[in-house]
Every structure is written in structure tokens, then in C-alpha cells.
Amino acid sequence: MTTELHRAFTSLGKQGDDKQLPPYFLSYAVSDATVVAIQAQYGALVSSSANHVRVADVQVRLGEPKLDNTHGAHRSSAVNSASLPLADDREALARSLWLATNAGYGKALDNYLRVKTEAEVRAKEEDSSPDFSQEAPQVYLGKPAPQVKIDRAAWEQRIRALSRLFRDFPDVNQNLVILAVQNETDYFVSSEGSRVMTPHAQARVVVIAVTRADDGMDMFRSQTFEAETAEGLPAQAQLEAAVRELGNSLEALRKAPVTEPFDGPAILSGRAAAVFFHEVLGHRLEGQRQRGDEEGQTFTKEVGKEVLPAFLSVADDPTLTTFGKTWLSGNYQYDDEGQKAQRVDLIQDGMLKTFLMSRLPIASFANSNGHGRASTGHVPIGRQGNLIVTSTKTVPESELRKLLIEEAKKQNKPYGLYFEDISSGFAVTQRTSPQAFQVIPLVVWRVYVDGRPDELVRGVSIVGTPLAAMKRILVSGDKSEVFNGECGAESGTIPVSAVAPAMLFSEMETQRQPQGTARPPILPIPGAEAVAPAKKEAQ
Amino acid sequence: MNSIRPVALFTGAGFIAAILGAACLSAAGQTPVQPTRSDAEKDPVLKAMLTEMDRSKDQLQLKDFQKPFFIQYRIEEVDSFETKAEFGATSSSRRNQGRMARVTVRVGDYKTDSSGGRGDGAVELAALDDDPIALRSALWMATDQAYKSALAAYAQKQAELKQVETPPQADDFSKETPVISLAEPLKLKVEERAWEERVARDSGLYRTDATVKDGQHDVQYSVGSFSARVTTTWLVTSEGTIVRKSAAGYQESFGVGTQAADGMRLDRSYTTTGTSLKDLDAPEVFEKKAVALIASLTDLRKAPLVEEEYHGPLLLSSDAGADTLYALVGSGVTATRPKLGTEARTNGPFASSYHARVLPDFFDVVDDPGLKSYNGKSLVGAYDVDDEGVPALAVKVVVDGRMENYLLGREPVRDFPQSNGHGRAGLAAPPKPSIGVLQVTAKEGLTDEELNSRLLALAKDRGLKSVYYVATLGGNLTPRLLYRITPDGKRELVRGAELDDLDQRTLRSGVVAAGKHLWVANYFGEVPETVLAPALLIDDVTIRRANKKNDKLPFYPPPE
């Protein structure tokens, strides 16, 4: 890689009579991954595969850091991807890299010429920061990740068995259980002299289940388990319990009453708060959101100002691999631009300090803080890793519930809401879309002030503006929960984590979600005949 | 398996079945025994399908709506291995197994049903395990969805029918006799490591073979691939059809490319195909062909550009003839339901050609999926029963140059009320009429030498300085190897040409002679198809310079 990079860097733009522009920056990022994926549904295997892929992202930059081929809408022109030979055949690897570099250079050249023309004809931009930050080269050679080695037959049986548990829940009309184990070695070399090799391993079990209420409303729940290796995943009994919990919850949900519009106090569980902060706050703290005429720039002018209640602080720390005993998916040692991962204190005591930065500078911040992330084939941008929300104003969770009831009484509401689980949607931060976040509440309870038992409701959707909602947090719980997930944005899908305690909001506006009208299945799910009598007996 | 292969010959709405071969015994020499439903139930997949089918037939009905009149379950299992290599090293290697269930539900009746243009039915992933509950669950989910969509589509169809004056030209769905046919499933057996190595070696020949490695500097890509695929299909209908069938396909490919000094892209590729491993070229034969392709790049780079425009005779080799007939005839011989409210019979270039001449009168075209091999080469387009459970018939599509038949599945068109067993489907896709083994023959066909003499004679007659011969075609019927031939018979390779006027009209009135030997072209598309075709001598074709954009040459040299 290094040899071929050097050869390319010193040859490009110096050939022939019609001298072409030499690149000022060239990098090769290679991801070498072995993956085992097993999927089961309806109690049987639907796929099981093992795979090895090696992909190179070649980044070519022409012009100068101040203005290069990646400016504005041309950002994707920096990267050209190619699959590489799997064998360590030097000649074949060099030839594949040459082919990809050559194509990448062509694309970069074309885009650079257009960028220059556009720069000449347009009015001054709001943010005139350069296109690429100056950073010190990094050298770190970690150990390559080993190939994935798991007992496939045993895991197939485990995944199959988990899916089969849903047979006890005949109203769950679709289910999917997935095991994905990926061991990846990431290589990065650049013309600036960076040479980085880091391993990244992750094992994941994902359980998804779907049901449909009699009125046509579709409901789903999912549960994920992450660890560095498959051995680190929870024992089967624990996974089984989680599957049963999902099954029970969906059967209860489909019978639950449909929500009514509500504007009043609410608690988000730790897990729900983690998702909420990732979607609502985290995405808006990504550096590039503050740049460009199309972006919302929610926080651009808020640096140094209070954006959250003073008892809350938010950091993003990819260097952490665990929180308590829980593995954090969003950990990495070096980002996808070869920069060392850093803990970044985004908000301290409610005050906005900085943003998640890649090597794309913005007016207020000129440098990367090690958050340039992307999946293969994409140009890295500022993304979250492990978002950690901490609070200095905490009460035990039982107390939080009492405070919710008090707050509801104060507001003359018959109940407050308890959001047990919410799913991430997509954070929309562009100017043309409303500044509303998209989180989908999955499990919501009414907590009555008169002491009635809590009541599960379905079809809740959160409305209102994000910033306003975040400022109305009154107090938090004293235990943090972890949400591990995959986050999709412009630079692809990457693993992330968010950690937060439960939180009490003085006001959360909700409405009834638009619902489907399709009827539930006409015939019972096969095998249900066997379940129904058994259930009756149990009752 | 099939003991008789009738040739269907439709005249008007009548139907005459001519028995081609005499009834012959099955391969094992025993009298074939008609399998029964209880034989089928020994197969766990069929057993699960039949159980769920019975339940759907009996109970599937939405209150106040009609029950389905037809349900079909199709489960396909694909077991495949594919390896790819470039520049001498493996770049990917994958073994894949999967099962897909496709459910078709029709409501209404055979005359007017819910079927529309968007591909009816629903698809679900099906269990790889022979687990009855899991298999049935996938079918149940897809059936529920397909039935609800069918009810909506049927209501919409009724509304659309009220909008048009001209009634539909044929029934929506044909009635067919149910069949039970149980072929043994094939197994995929390939030595994965050995094939990885073989393909890697193919892709590295540009730098390892002594005869071509001097030119390795100019090679821009060199890729090899091998794929093996066994597809087993289980099919059950509410009419009582039960089918299990299995097909295999293997192919090894090599592709290499460069640019000429003026930037023109030059590509060559070669593929060997078959229904079993032994159909493929032996390794040394394949390597020899790959080396010849690499060597041809050097010739192509040196080859002069074709003249700006040429009008005159052109000889298409049987290889090029097969590609031409596949593109121009293969696309037109299938019959599909025309737009509602029109009087059209079908769609495509031969929509109105029934009984009309579509080729010179010395041509005949038969599509015979029962033809499993030709001159020792296996034909990938062959099959016994189609994907609607209808036994494949040999169909005389063109007789003495006239269009006398179309290839049909179970959706009839005017004058063709029955399927002739050509309803074929890609993986998880709805069936549509497709060719199987399309055989184009010319009466009094000529040898290659005779064709060549005819070509030269045409040149002399017309006082032309040169004529052309296409050895191979690439995509869009663009010549890959095109030779300019002077009247004294001297051949010169030229590059950068495209053909104009090569269309159905030219085939009908411009083909003056054809070869006697047929080329076997196996196409691994969505559904595997085969064309057997002769060389074609065409009276008047336009050849012109392609004038495609010539990309820049590499910005810097390849690594040494």
C-alpha cells in the first residue's frame, strides 16, 4: 500500500507533455473484514454465510486545502472505492490500487475544474473555511484482527432456537433473529506520512418482532446485544428471556388502547433517553451541520451559550470500550481519516463547547477531533462514536416516578407518560425540512396521578421542536443505560453507542401516529393451533 | 422424465398436436410411473406446501369478499458458489444458500381475474431447514398479503374494464390439466479451493504466460470468474399440480481490456457454460482461449479504425448470428397480454405478425425446451416443466419464414387460449413467457467456405473494394472482432465499428444465405436461455465508426 501510494503520489500529474495537476493529498483506507452472518425466522434458519471482503477507499484531493475538488456538493468526489484481492499478492494488490487511483484521479480532476468555475461565479459563502484541515501525520500499527472463528453449527442452533420461541406468541406475525460477527482490520496510509493499522471486532445479536393490531396498526420491537467477540455475548438463557420479553410486550401492545394527544410531563427511560440524545442532539452537533447553505446550522451560533439545563453534560468518547460491564459499539482507536480518537466534551454544564469534527473545518473550529467516520465508499464526516450524557442532578428512579406524578398534578393532568423504549428514526437537520427529530416511541405507559396501575398505550408519536424539549429536562435518574446501534447518515452506516440516565421532562407533546389500515392476517399463523389450548390452560 | 414430446401447432383457435418422437422409455429403461400426491408428501417441503395449500383453499376468505379461485406456491432453493479474481489473485469467493417462497393468488375467474401488469403475488424468505411450521409460516404470510392485494387488484380491474369499449381479446388465465412431476433434486458439488486457484490463475495469465506477458504493461483489467448454481423448485397449485424440478448451471469466464493509443476501449471476453462441470472447457483449453484473447488485444491496439461509413454485404459468424437472432427474434416470439382496451394480440416487434413473414422463407424457428443437448453441448435453456407447472412443448414459431406461433405461459392472447409450457420465472419473480431452446435453421444451409465465397462474389459483383465479417459481437450488437476482407480474400482486423440497420426488417428481407452449422449460445440471464443459430450473410448493412467518447489514457503508468 505504502509503496503504491508513494508511486502514485510522485507520478500523478507529472506525466507527458500536457502536465496535469498533481494531487496535494492521497490516502488509501483499506478495510479487511471477515464476517459470519446467521439469520433465522419462524423458528428456522433462512441464511448462514461466512465471507471475506477487502475494500479500498482511495482518496484523491486536487487543488489546495483552501479550495479543493471536494468543495460543497462535490464532497463525494474525494473517494473512489474498489475491491482488492484477498490474497497478499503484492503485484495484484498494486495493480488494483493503481486502477482505483487512476479512476479516482480522473473523478477528482473533473470535479476540481467544476469547483473552480463555480467558485468564480458565485457570491461569497456564509462559511469560508477551507475544505481540508491541516493535521499531524499519525503512525500506529496495532495487531491485525484475527479471522472470525465461531462454532457455526452451534450458533445456528442457538439463533434458530431463539426464533422458535416466538411460536409461543402467535400474534407476533413476523420475527427475525440475526447473529453478525465481524472482525475487521483497518489500514490507512496517506501522502502526509500517516500509517495506521487498527483492529475492530464486534459480535451482535439482533432480535426483531412485528405484530399488527386489529385496527391495522403495525408495531415492532427490537432488542440487540453487542460484545467484542461472540463468546462475550450473553448466555442463551438471557437471550431467551429477552425474546420472551419482546413477545409478551408485543402481545400486550396490540391489545393496548390507542393513545390520545397529550402535552404534559414525561419520563424517558435511560435507554430511551440515550436514543433521544443521539438523534436529537448528537446529530446536530456534527461539525459539518454548521457549514453549508443547505444545513440547519442549529447550533452554529450557540457556542459558549447554554443549550441544556446546567446539570447536564454531554461528551463523545470513542476511546471507551465498555460502560460498566456493557460493551460499547461506537469505540475505535483511529477514525476513518487516520486521526486518533479523542474524548470530546461537547456540552459542559449545559454550555455548548465544541462539535464533532472530521477534517472538514468550519468557521469556529479548524481541526479534526478524531470523529471523521464513514463506512466504505463514503467520504468521512463528523459523526458520533460513544455519546455519553451525564447529570449532576439525580434522584433514584423510584423518586423520578414520584416527581412525574407530582409534576402531572401540578399541571392538572390525569397522568404523565413513561417512555420505556423508543426507536431511532432519522434526524433531519437540513433547512428545507422542519427541524423535527424522528424518534419512534415503541413502549409508552400512562402513569396515573390517582394511583391506578400504569396503563400501556400504543401509537404514540412525539411532536414539537427538539431544542425546546431538551431545555425542559427537570432532573435525571441516577443509573445510566446503554443503547448500542447502527447509525446511518450521509457517510454511511457505522456502529455507535449512546449512554444516558432516565430523564424527567416537564413537557413532552405527543400525538397519535398515522396508522396503517391493512387488516391483521386472516388465518392464524401455522402452529398456532398447538399454542392456543396450552395458553388457555396456563391461564 | 417426459415420455413424449408433442409439437404444438396452433391454427386459428384450433389445436393440433403432432407427436414428434414416438413414445420412448425413460433413461433407466423402465416404464415411467406417474407419481402421486402421496409420493410428493414424502418430500418435507412439498408436504408443508400441500398442508398450507389445503388450509388456504378451505379457509382463506375475507368476510364479504370472494375466495381465491387459484393459488400457486413456489419455493426455490438456490445453492451457489461464485469466485472472482483479478490480476492473478482471488477478489471474492462466496457460497450461498437460500430459499425464496413466491405465492400467487388470483381472485375472480379464468375469464376475468385479478392479474395485472405489476407481477402478482408476494415473496417471502423461506426456511432453509425442512421445518414444516417455518416453511408454512412464510407461505402463510405471503398468501395473506397476495390475497389482499388480489382483492384490491380485482376491484380495480373491474373499474378499468368499465372504462374501455373494446373487451379483452382473451381470457385472463388458461385452464390446464394438473400434472404431478417429481424430479430428483440435484446437489451442488464443486471443489471450491481448486476453482479459486484456477480462476486466479486465469486472471493472472497476462503476467505469467510467456507468449503474452510482454504486453502486460498495457492490460488495464484482467478478470476471471467461475459460478456454479443449482436451483431446485417446488411448485404446488390449488388445481392439483405438484412439481419438483432441479436445474444446474456452470460457467467460467475471462475478460480482459485495454485502451488503444487514441483512448478507445478494447474489451474481449470468453465464457464456457454448461449444465454440468464436464461441459466446461478443460483447464488447458480454457487457458489457451484466454491467452488468445490477451494476444488479440495487441492486434486490436494495432488495428486501424474502420472507415467512416460502409453500406454493403456483411457476414455474421454463427456466434454473431446467435446473438443477433437472440436480440431480434428472441424478444419478439413471446406473447404477453396487450394493453386493456386495444385490439392488439400481443406486444413487441412481432405483435401483429401472426401468419406474416418475419424471416426469409428458407428459415424455420422452433423453440424446444426438451432439447437437452446439441452436438454434445448441453443446453442451459432446456427444461421439462415450466414455472407454472405446465409441461414444456416444442413450438414451431416460424415456419417457412412465417410467424405461426407464439411462446406462451398461462396468460392467453387472442387465438392462443392455452399455455405451451413457456411460462418461466427468474428467482422469486413472477412467471412470464420466455424462450427455452430457440433453434433457428435454414433450408439448404451453406458451409463457412461457401458463405465466404458468396460474400466475396457479392463484393466483386458490386465492385466493392472491401466487405466485412463479424466474428464476435459484444453488447448492443456492437462488433468486437470485425474483419475487413478484400475481394482477393485478405482479412484485416479493424476496430471502432458499430452496426446500423441490423433490425427485424433486415432479417426479414436482407438475409441472402445462412450457414448449415448451428452455434450453441447459452445465456445465463434471469432465466437460462439457449439459442441455436447459423451464420448469416446479409445483403446490405451499414457499418460506421462508433464515435464513442474515448476516455483519457491512464494518468500514470501501472506498477511494474
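1. In chain A, confidence is lowest in helix H8 (residues 528-538) of chain A, where the mean pLDDT is 58, and highest in strand E10 (residues 312-316) of chain A, where it reaches 98. The model under review is predicted, and these values set the context for the points below.

2. Taken as a whole, chain A has a mean pLDDT of 90, with 94% of its residues at 70 or more. One stretch calls for separate mention: over residues 426-436 of chain A the pLDDT stays under 50, and the model has 31 contacts beyond four places in sequence for that stretch.

3. For chain B the mean pLDDT is 91, and 94% of its residues reach 70 or more.

4. Three residues, Trp140(B), Phe555(B) and Tyr556(B), supply 20% of the area that chain B buries against chain A, more than any other three residues. The contact involves 51 residues of chain A and 49 residues of chain B.

5. Which elements of chain B give two or more residues to the side that touches chain A? They are helix H2 (44-59), strand E4 (89-106), strand E5 (122-126), helix H3 (132-161) and helix H5 (205-208) of chain B. H3(B) provides the largest share, 10 residues. By class, the side of chain B that touches chain A has 23 nonpolar, 14 polar and 12 charged residues.

6. H3(B) contains 30 residues and spans 41 Å from its first C-alpha to its last, close to the expected 44 Å. Asp131(B) caps the N-terminal end of this helix, with a side-chain oxygen 3.0 Å from the backbone nitrogen of Ile133(B). Asp131(B) also forms a salt bridge with Arg167(A), the closest N and O atoms being 2.9 Å apart. Five salt bridges are found across the interface of chain B and chain A.

7. Over all chains, the search finds 69 salt bridges. One of them joins the side chains of Arg289(A) and Glu490(A), at 2.6 Å from N to O. This pair links distant parts of the chain, 201 residues apart: Arg289(A) lies in the loop between helix H5 (270-281) and E10 of chain A, and Glu490(A) in the loop between strand E23 (473-489) and strand E24 (492-512) of chain A.

Definitions and conventions. Residues are numbered from 1 along each chain as its sequence is written. Chains are lettered from A and ligands numbered from 1 in the order in which they are written. This is a predicted model: local features need pLDDT of at least 70, side-chain atom pairs count only at pLDDT 80 or more; totals for chains, interfaces and linings use all residues. Side-chain values use heavy atoms; hydrogens and water are left out. Contact means heavy atoms within 4.5 Å. Buried area is the accessible area (1.4 Å probe) that two parts lose on being put together, summed over both. A salt bridge is a side-chain nitrogen of Lys or Arg within 4 Å of a carboxyl oxygen of Asp or Glu. Helices (H or I, at least four residues) and strands (E, at least two) are DSSP runs, numbered from the N terminus. Ala, Val, Leu, Ile, Met, Phe, Trp, Tyr, Cys and Pro count as nonpolar, Asp, Glu, Lys and Arg as charged, and the others, Gly among them, as polar. The expected span of a helix is 1.5 Å times one less than its number of residues. A polar contact is a pair of N or O atoms within 3.5 Å; within protein, one must be able to donate a hydrogen and the other to accept it, and residues adjacent in sequence count only if both atoms are side-chain atoms. pLDDT is the predictor's confidence in each residue, from 0 to 100.
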